[in-house]
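Dear colleague,

Here is the structure that I promised to hand over to you. Please look through it slowly, and then read the notes that follow it.

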Amino acid sequence: MQILALVILRANPGRDPTILASAYELSGFSYSQRAGAKEMMVSMSRTFGSKVPPGRQTIEHNEYQGHVYKRPDGLIGIVISDMEYTQRVAFSLLNKILDEFAAQYPEWQKAPDADDSLPFAPLETYIKQYQNPAEAGKLTKIQKDLDETKIVLHKTIESVLERGMKLEDLVDKSNDLSVTSKMFYKTAKKQNDCCVV
C-alpha cells in the first residue's frame, strides 16, 4: 500500500485544471524512470480533475487508482496510489489537505496558471505520514473504538433499565406481600381475641 502522488488542482472551465501544489513519492521507481513516472502522475491528475464531476470518486487506471475529491468551489484534491490503498483513509486525507490548503490560501482561485504556483509544505509531510494507511488511520481506529464502546454502553444501559424494571416489579410484589401479611395479621389477631380463655 503506497501513495505515489498528492495533487491539489483548480478547475478551469473549458480547459485543463491547474496544478496548484503537489508532492510525489517516486522512490519505488528507478532513477531513470522517475521523470516519466512523475509526468504520468501529472497527466493522470489533470485527466481525473477535468473528467470527474463534483464529489468523491475513485478511478482505476492500470495498476494505480486515483482518489478524487472535487469540491463545488472548484478545488480538487487527488491521491494517486496503488490498488491496495484504502479509500476511506485516502478521502479522509483529501478532506484534511483541501481544508488546510483553503485556509492557508483563501484566494486560491486567483492563483496564476503556472503549475505548483502555491507551495504547500504539508503535502510532503502527509505523503510520508500516510504511506501506511493502518497507522495513518489511527484517528479512524480511535473513532471505530469509540463506536464499539458506544454500542457496549447502550447495551449496558438497556440491561440496567431492564433490571430496573424487574426491581420495580419486585418492589411492587414486596408491597403487595406486605399489605397481605398485615391483613393476615389483623385477621389472625381478631380470630385469637375471640377465643381467649
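Helices (H or I, at least four residues) and strands (E, at least two) are DSSP runs, numbered from the N terminus. Please keep in mind that this is a predicted model, in which local features need pLDDT of at least 70 and side-chain atom pairs count only at pLDDT 80 or more, while totals for chains, interfaces and linings use all residues. Residues are numbered from 1 along each chain as its sequence is written, and side-chain values use heavy atoms, with hydrogens and water left out.

I begin with Ile80, which has its place in strand S5. Buried means under 20% relative accessible area, exposed means over 50%, and partly exposed lies in between (1.4 Å probe, protein chains only). Ile80 counts as buried because its relative accessibility is 0%. Contact here means heavy atoms within 4.5 Å, and, not counting residues up to four places away in sequence, Ile80 touches Ile3, Leu4, Ala5, Met41, Met44, Ser45, Tyr64, Gln65 and Gly66. The C-alpha atoms of Ile80 and Glu60 are separated by 9.6 Å, and these two residues are 20 residues apart along the chain.

Next comes helix H1, residues 34-51. The expected span of a helix is 1.5 Å times one less than its number of residues, so the 18 residues of H1 should span 26 Å, and this agrees with the 26 Å between its end C-alpha atoms. The buried residues of H1 are Ala37, Met41, Val42, Met44, Ser45, Arg46, Phe48 and Gly49. What covers them includes strand S1 (3-12), strand S2 (15-24), strand S3 (55-61), strand S4 (64-70) and strand S5 (75-82).

In the loop between S3 and S4 you will find Asn62, which has a positive phi of about 55 degrees although it is not a glycine. Asn62 counts as exposed, because its relative accessibility is 62%.

Helix H2 also has 18 residues, and it reaches 26 Å from its first C-alpha to its last, close to the 26 Å expected at 1.5 Å a residue. In H2, the residues Val89, Ala90, Phe91, Leu93, Leu94, Ile97, Leu98, Phe101 and Ala102 are buried.

How do H2 and H3 lie relative to each other, and at what angle do they cross? Axes are lines fitted to C-alpha atoms, for helices over the stretch in contact, and angles run from 0 to 180 degrees between N-to-C directions. The axes of helix H2 (residues 87-104) and helix H3 (residues 122-129) come within 11 Å and cross at roughly 170 degrees. That makes H2 roughly antiparallel to H3, where angles under 35 degrees count as roughly parallel, over 145 as roughly antiparallel, 65 to 115 as roughly perpendicular and the rest as oblique. At this contact, Leu93, Lys96, Ile97 and Glu100 in H2 meet Pro122, Leu123 and Tyr126 in H3. By class, the contact of H2 with H3 has five nonpolar, no polar and two charged residues, where Ala, Val, Leu, Ile, Met, Phe, Trp, Tyr, Cys and Pro count as nonpolar, Asp, Glu, Lys and Arg as charged, and the others, Gly among them, as polar.

Ser117 is found in the loop between H2 and H3, and it is partly exposed, with a relative accessible area of 23%. Leaving aside its neighbours within four places in sequence, Ser117 is in contact with Ile19, Leu20, Ala111 and Pro112. Although Ser117 and Ile19 are 98 residues apart along the chain, their C-alpha atoms are separated by 7.9 Å.

Lastly, Lys186 is found in helix H5 (residues 138-194), and it is exposed, with a relative accessible area of 57%. The C-alpha atoms of Lys186 and Ile76, 110 residues apart along the chain, are separated by 86 Å.
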